[in-house]
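Subject: Structure handover

Hello,

Here is the structure you were waiting for. Please open it alongside this note.

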Amino acid sequence: MKSYRRVAIVEEFYPILKQIHDKDCLHAGSRKTYARVQSLYSYIPRVVVEKYKANHVVKVLHNYVIPVFGLPAIIHSDNGKEFVNKLIGDVVSTWPEVDEEKEEEDEENEEEDEEKDEEDEEKEEVGEEKDEEGEEKEEEDEENKEEDEEKVEEDEEKKEEDEEKEEEDEEKEEQDEEKEEEDEEKEEEDEEKEEEDEEKEEEDEEKEEEDERGG
């Protein structure tokens, strides 16, 4: 079964080499140390386990350290000759000086900017909440307006129904009055007919008396 080696990132180079050099290889030379490194990790450049001279230190600083971490504010060593020499001094002298006060100011400004960003985010959240509340209130107002309009429509419908009922009542009242007039007319006709009948009866009685007298 094929074994896979880990991929080491630059930040892990030093602890990996220290572990292998101090414990696994028991301070063996660079060849044995690098062979052990290669057996465990897929890629760690050989330069990290070589014995350095001054020009090697400069090369590693420029090719591996500075591109990853930037210019160091300080180089701390055990004062070995590969670090304490004119070449290293000349190279370091070309680096721009680190202004600690400016760094602190930049950090403070960065913190202030972060705080301002947080405040702006909080304000934005508050504004969004207010917008949501405003939208909810607007929806409630629209619902209340719709309810009011529905109530107005219901009132108008009820008013129309009342007017129709009133008209029906008036028509019924007119019909009742007409019927009453018809009844009165009929009653008058009956009275007239009754009077005619009485007159006819009287005439018949008179005629009968005349007939009796003539007989």
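Below are notes on one helix and on some charged pairs.

First, the ground rules. This is a predicted model, in which local features need pLDDT of at least 70 and side-chain atom pairs count only at pLDDT 80 or more, while totals for chains, interfaces and linings use all residues. Residues are numbered from 1 along each chain as its sequence is written, and side-chain values use heavy atoms, with hydrogens and water left out.

**Helix α1**

Helix α1 covers residues 13–24. Helices here are DSSP runs (H or I, at least four residues), numbered from the N terminus. α1 has 12 residues and reaches 15 Å from its first C-alpha to its last. That is close to the 16 Å expected at 1.5 Å a residue (the expected span is 1.5 Å times one less than the number of residues).

Which residues of α1 are buried? They are Phe13, Ile16, Leu17 and Ile20. Buried means under 20% relative accessible area, exposed over 50%, and partly exposed in between (1.4 Å probe, protein chains only). Seen down the axis of α1, the buried residues fall within an arc of 95°, so they line one face of the helix. The arc is taken from the directions from the helix axis to the C-beta atoms.

The face turned away from that buried side carries the exposed residues Tyr14 and Lys23. Helix α2 (30–40) is among what covers the buried residues of α1. After α1 comes leucine 26, with a positive phi near 55°.

**Salt bridges**

A salt bridge is a side-chain nitrogen of Lys or Arg within 4 Å of a carboxyl oxygen of Asp or Glu. The count by this rule is 13.

- Lysine 137 with aspartate 141, at 3.4 Å.
- Lysine 158 with aspartate 162, at 3.5 Å.
- Lysine 193 with aspartate 197, at 3.7 Å.

Where do lysine 137 and aspartate 141 lie? Both are in helix α5 (residues 100–214), 4 residues apart, about one turn of the helix. Lysine 158 and aspartate 162 also lie in α5, 4 residues apart. So do lysine 193 and aspartate 197, again 4 residues apart. An α-helix has 3.6 residues a turn, so residues three or four places apart point the same way.

Now the accessibility. Aspartate 141 is partly exposed, at 40%. Aspartate 162 is partly exposed too, at 39%.

Best wishes

Key
Helices (H or I, at least four residues) and strands (E, at least two) are DSSP runs, numbered from the N terminus. Contact means heavy atoms within 4.5 Å.
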